Amino acid sequence: MAVLRQRFSSVCSSSSAQGDSADPCDSASAFDPPSEQDHPCHSVQDSLLSSNSSFTGYRGVLNWIIILLVLTHAHLFLENFIQHGFLIDVKKVLEYLIEDNCNWPSVNLILGANMFSVAALLLERLQDQGKLSPTISHRLHLVNLGLLLLFPAAVIVHEPTISTGGAFVSLWIYTVLGMKLYSYQESNDWYRRAHLTDTGLCVFLEKDQIGSVPQKAHSDHLTLRDLYYFLVAPTLCYQRDFPRTPRVRISKLLHRLLEMVILIQIMVGIVQQWVEPIFLRSDNSFFSMDITMRVEHLVGLVAPTHFLWLLLFFLSHSFLNFCAELLRFGDRRFYGDWWNATTLITFWKNWNIPFQKWCHRHVYARLVEKDMPSVRAELLVFLMSAALCEYFIALPLHSCRLWIFFMMVLELLVAVFLRDYFQGNYGNGLVWLCLLLGPPLAVTTYFHDHYISFHRSHSKS
C-alpha cells in the first residue's frame with residue numbers, strides 16, 4: 001500500500017506541474033486516469049519482422065545462427081570421428097602431388113612456359129624496331145598463344161606419369177599466362193598506336209589505370225624485368241607502370257603466409273575427414289548411380305563442398321595479398337562485397353575482379369566496338385567463362401561431362417527469369433542457394449568420379 005500511495009502521489013505531483021490553476025491532487029482527481037490525448041498507448045506501426053518494417057537490427061539473430069551452426073557441425077564432426085576415427089594423413093595428399101618417376105613432367109611443363117613469355121617479348125621488340133609489321137606481329141602473337149593453350153593440354157592428356165595436382169597447377173599457370181600475354185600484346189599495341197601521349201592513352205586505356213603514375217619512355221618497358229613483374233603480379237591486365245606501395249611490410253608477409261598454411265591444413269582435414277568417407281560409400285561413379293544414391297551423395301556433400309569453396313576464397317585472398325605485398329603492388333581490390341549480392345549478375349561482377357576486368361577490357365569492349373549488341377557480348381563473355389571453368393576442371397581429371405558448364409548456364413537462366421521475383425534479402429538468399437547447389441557441387445562430382453577410379457586402380461595394384 002505504501003508503494004501505491006507513493007506512485008499515485010508522483011502522478012499527482014507531475015500532473016500538477018503541467019495542469020491549470022485547479023488543484024489536481026484532490027480526493028476526486030487523484031485516481032483519475034491520464035488523458036489519452038496526452039499519453040497515447042498505441043500508434044500505427046508494423047511488427048519488427050514484417051516485410052513492411054524498416055527494422056534492420058538482426059545482429060542477435062545472426063549470433064544465434066552462428067552459435068547454432070557451430071554446435072550442429074561440432075556434433076557432425078564428433079559423430080564422424082566416432083564412426084570413422086582419425087583419417088587425416090598427409091601421405092595421401094602427397095600421392096596426388098608426387099610424380100611416379102624422376103622426370104617431374106609437371107615441373108618441366110611449368111618451366112617450359114618461359115618459352116612463350118620470351119617469344120612474346122621478342123615479337124614486341126621486333127615490332128617496336130620496325131622489323132615486323134603490325135599485322136604479321138599480331139598473327140605471330142596469336143600463333144604463340146595458340147601453342148601455349150595446346151601444349152599443356154597435349155602433355156596432360158598423353159603423359160601418364162603426371163600427377164593430378166601437378167596437372168592442376170600446370171594448367172592454372174598456363175591459363176593465367178595466356179590471359180596475361182594476350183593483354184600484354186594488345187596493351188602494347190594500344191600504347192604504340194597512341195604514341196605515348198596522355199590524350200591517346202585515354203582512348204585505349206582506362207583512366208584509373210593511368211592516374212598519376214609516371215609513364216616510361218616508349219621502349220623502356222620492353223625488358224624481361226618489366227614483363228616478368230607483370231607475369232607474377234596479381235593482375236591479368238597489363239599496363240606499363242603499376243601503382244606501388246612505399247615498402248614491403250614483413251609482418252604482413254608472415255601474416256599472409258601463416259594464413260595460407262592454416263587454411264590449407266583445414267582444407268586437407270575437411271577433404272580427408274568429411275568428404276572422403278562420403279566418396280567411399282559407393283564404388284560407382286555419379287553417372288552410373290541410381291537416382292536415390294545420387295541424391296543422398298549430393299545432400300551429404302553440400303556442406304563440406306560449401307566450406308571448401310569458402311576456404312578456397314580465403315586462400316586466394318591470402319595468396320593474392322601475399323604476392324601484392326611482396327611485389328609492392330598497389331591495386332589490391334581483388335573482389336567486391338559479393339556476399340551482399342542480391343542478384344547472380346552482381347555476384348559474378350564482384351567475385352573475381354581481375355578476371356572480370358580482363359573480360360571487360362579485352363573481350364566485351366572489343367565485341368562492342370565491332371557493333372555487337374551489348375547483351376549478346378555479355379552472353380558470349382559468360383559462355384566463355386563457363387567453358388573455361390569446365391576446361392580447367394575436366395582436363396586434369398580426364399573427365400568431360402559438361403556438368404559445370406550446364407550448371408552455370410542454369411544459373412544464368414535463374415538470374416534472367418527470377419530476378420524480378422527475388423529482390424533485396426530474398427535475392428541474396430537465392431544467390432547463396434545457388435552457391436550451395438551450383439557449380440561448386442558439380443565440381444565435387446568430378447572429383448568423386450576421379451577418386452573412385454583412382455581408388456580402384458590402387459586397390460588392384
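Predicted model: local features only at pLDDT ≥ 70, side-chain atom pairs only at ≥ 80, totals over all residues.
Local features are reported only at pLDDT of at least 70 and side-chain atom pairs only at pLDDT 80 or more, while totals for chains, interfaces and linings use all residues. Residues are numbered from 1 along each chain as its sequence is written, and side-chain values use heavy atoms, with hydrogens and water left out.

In soluble globular proteins, nonpolar side chains tend to be buried together. Here a nonpolar core is a set of buried Ala, Val, Leu, Ile, Met, Phe, Trp, Tyr and Cys residues joined through side-chain atoms within 4.5 Å; buried denotes under 20% relative accessible area, exposed over 50%, and partly exposed the range in between, with a 1.4 Å probe and protein chains only. The largest core holds 24 residues, among which Leu-181 and Tyr-184 touch the most other members. At least two residues of this core come from each of helix H4 (105–128), helix H5 (134–158), helix H6 (164–194), helix H9 (224–232) and H11. H4 supplies the largest share, five residues. Helices are DSSP runs of H or I with at least four residues, strands are runs of E with at least two, and both are numbered from the N terminus.

Setting aside residues up to four places away in sequence, Leu-181 has contacts (heavy atoms within 4.5 Å) with residues including Phe-116, Ala-120, Leu-145, Leu-148, Leu-227 and Leu-231. Ser-117 and Asn-144 are also touched by Leu-181. A second, separate core comprises 20 residues, among them Leu-263, Met-267, Phe-286 and Leu-301.

Leu-48, Leu-49, Phe-55, Tyr-58, Val-61, Trp-64, Ile-65, Leu-68 and Leu-69 form a patch with about 880 Å² of accessible area together. Patches consist of residues with over 30% relative accessible area and no salt bridge, with nonpolar side chains (Val, Leu, Ile, Met, Phe, Trp, Tyr) joined within 5 Å and like charges within 9 Å; the areas come from the Shrake-Rupley method with a 1.4 Å probe, and for residues only the protein chains shown count as cover. Ile-65, a member of this patch, lies in helix H2 (residues 59–84) and is partly exposed at 37% relative accessible area.

Attention now turns to charged residues. A salt bridge places a side-chain nitrogen of Lys or Arg within 4 Å of a carboxyl oxygen of Asp or Glu, and the count by this rule is nine. In one of them, Arg-256 pairs with Glu-259 at 3.1 Å between the closest N and O atoms. Both residues belong to helix H10 (residues 250–279), three residues apart, about one turn of the helix. Arg-256 is buried at 15%, whereas Glu-259 is partly exposed at 21%.

Glu-296 and Arg-281 meet in another salt bridge, at 3.9 Å from N to O. This pair links distant parts of the chain, with Glu-296 in helix H11 (residues 291–327) and Arg-281 in the loop between H10 and H11, 15 residues apart. Glu-325 pairs with Arg-332, their closest N and O atoms being 2.7 Å apart. Glu-325 is buried at 2% relative accessibility, and Arg-332 is partly exposed at 22%. Through shared partners, salt bridges join Arg-249, Glu-325 and Arg-332 into one network.

Two loop residues complete the description. Arg-328, in the loop between H11 and helix H12 (344–351), has a positive phi near 55 degrees although it is not a glycine. Asp-371, likewise not a glycine, has a positive phi of about 65 degrees and is found in the loop between helix H13 (353–369) and helix H14 (374–397). Arg-328 is partly exposed at 26%, while Asp-371 is exposed at 70%.
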